[in-house]
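Here is a friendly note to read beside the model. Take the points in order and find each residue as you go.

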Amino acid sequence: MRGAGGTTDAPRHAVVIGGGVAGLLTARVIAERGARVTIVERDRLPAEPAQRPGVPQGRHTHVLLEGGQRALERLLPGAVGELLDRGAPRLGMPEDMLQWQAGGWYRRTAATAHVLTPSRPILESVVRERVLAGGRVVTLEGNEVVGLVGDADRVTGVVVRERGAGAATDRREIPADLVVDASGRGTRADHWLTELGAEPAPEERLETGLAYTTRLYRADPEPEDGPGAARYRGQYVVPDPGQVYGAVVLPLEDGCHLVTLSGLRGCEPPTDDEGFTAFTERLPHPLVREWLNRAEPLSGAHGFRDTANIRRRYDRPGRRPAGFVATGDALCAFNPIYGQGMTVAALNALALRGELARRGGVPAPRRLHRALLRSSRQAWAISAGADKNMPGATGNAAGTRAVERPVALYLARVQRRAGGDPVVGAAFRSVLALMAPSRALFTPRVLRAVLLGPDPAVPDRPPLRREADEAPEPASGRG
Ligand SMILES: Cc1cc2nc3c(=O)[nH]c(=O)nc-3n(C[C@H](O)[C@H](O)[C@H](O)COP(=O)(O)OP(=O)(O)OC[C@H]3O[C@@H](n4cnc5c(N)ncnc54)[C@H](O)[C@@H]3O)c2cc1C
């Protein structure tokens, strides 16, 4: 039934398409409203943390930003503690990380933000166990959604087919008064909506052609007190318009490390084992290569190329049915180099929770999508904002409008100062970690440091130790 402003009754049964991080967290908030939720997932979900074919990106580095940790805690209290108990490393930024960005090394001052670096399978499994506990959310595994039921005004269910079964007779319908598309960046929603006679969402796209290649390693760290002891826990080489190669070396829950190399279109890292190591010669410093020489590879190299920023504008006018909502990567997918996708999936779920509570039912489709897109707006500004400046960026969201130029120039100054000025660095990190709104970069203190401050000194070689460890011993007694 429709109420004021097109709000419909709270759902009694919802179907969520896809059991990834976004699907699970969305199922959780819908179940909180008293609904039964069925997650339809094309994979069979593993009992223990394991890679699965439906999430090929799971073999690659997946950091959970501090904004995502906070959002996850609000959705599933205790989940972050459980990840830490199960060994997920928590790295302080910038003190634990050797970071090269915007042409220089970051000082390793005290941490003002933290990233969690568990493997994607363990993170998903902690989330899944918590969401499925209690029985309101159930899974239909090994089944894939192949269409929607209903018409251009109202979706009333989904059509599923058992994986591997081809004949039309194997299809069946599952009724639902709310259908959530959480099927990831490869969603077929455009096609499904067109089949109902509805309009697909206009798409914004920005592509740098960035490719990832990742291998798993067991590190052979230098002894803590050995000559040149490397007391850092991770390495991060961030690409920029003048230096198009990236690298991330991060620990996992089991003591192993994932090493991800990246390059823009035309500079992609190879996916053979020798090529992987040789590619590190292109990085602005030999440190990653030296690290690889001391480490033992535990896997072959896995590539990933589908990294475009894609935003589906369901908030724009068009004939689209009630009872259907998109979330996670199916709504807004990012260049993964910024580590935002899982955080945004959690922020989308919080936005949905807020809308369902405020309206006492399901808001009209445009209103609902407006709320979800609002929760991903900052991440989009970061990711698309940076990628616009990359050489060879393509897509209808490429190009900087004249009104955006002053802000772009200011942000370029922020980046140049973030590595050496702790005030600017802290503000920059808080925004990138989706812990603070973008306006944190425009407080009087930060504006002063960015616009009037002298160029801060940055380390001229990799700072292998934290600054706290470099500090002279405090004077004792009166001398
Ligand atoms: C290389 C790479 C690295 C990344 N690194 C990070 C990172 O460091 N930090 C971060 O926060 N994010 C990262 N991301 C993004 C992150 O993986 C996603 O944003 C996040 O997992 C949320 O995705 P999702 O749940 O929307 O979709 P997915 O994780 O893709 O899950 C979609 C699910 O839907 C299922 N499915 C698909 N179609 C159907 C269908 N028709 N019927 C039934 N089931 C279906 C799939 O099997 C899958 O389980 C990275 C992404 C990539 C590609």
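1. Let's start with Tyr 314, which is buried because its relative accessibility is 2% (buried means under 20% relative accessible area, exposed over 50%, partly exposed in between, with a 1.4 Å probe and protein chains only). Phe 324 is also buried, at 3%. Keep in mind that this is a predicted model, in which local features need pLDDT of at least 70 and side-chain atom pairs count only at pLDDT 80 or more, while totals for chains, interfaces and linings use all residues. Residues are numbered from 1 along each chain as its sequence is written, and side-chain values use heavy atoms, with hydrogens and water left out.

2. How many aromatic pairs does a search of the whole structure find? The count is six. Rings of Phe, Tyr and Trp (its six-membered ring) pair if their centres lie within 6.5 Å; planes under 30 degrees apart count as stacked, over 60 as edge-to-face and the rest as tilted. Tyr 314 and Phe 324 have ring centres 6.1 Å apart and planes at 55°, so this pair is tilted. Tyr 314 sits in the loop between strand E20 (309-312) and strand E21 (324-326), while Phe 324 lies in E21, 10 residues apart. Helices (H or I, at least four residues) and strands (E, at least two) are DSSP runs, numbered from the N terminus.

3. Now look at Tyr 410 and Phe 442, a stacked pair with 4.9 Å from centre to centre and 25° between the planes. Tyr 410 belongs to helix H11 (residues 405-418), and Phe 442 to the loop between helix H12 (422-432) and helix H13 (444-451), 32 residues apart. Tyr 410 is buried at 7%, whereas Phe 442 is partly exposed at 35%.

4. Stay with H11 for a moment. Its buried residues are Tyr 410, Val 414, Arg 417 and Ala 418. Seen down the helix axis, the buried residues of H11 fall within an arc of 100°, so they line one face (the arc is that of the directions from the helix axis to the C-beta atoms). On the other side of H11, Leu 409 and Arg 416 are exposed. The buried residues of H11 pack against H12 and H13, where contact means heavy atoms within 4.5 Å.

5. Finally, find the open sheet of three strands, with the order E9-E10-E11 and antiparallel pairing. Two strands pair if DSSP finds at least two bridges between them. The edge strands, E9 (143-150) and E11 (171-175), each pair on one side only. E9 and E10 (residues 155-162) pair over seven bridges.
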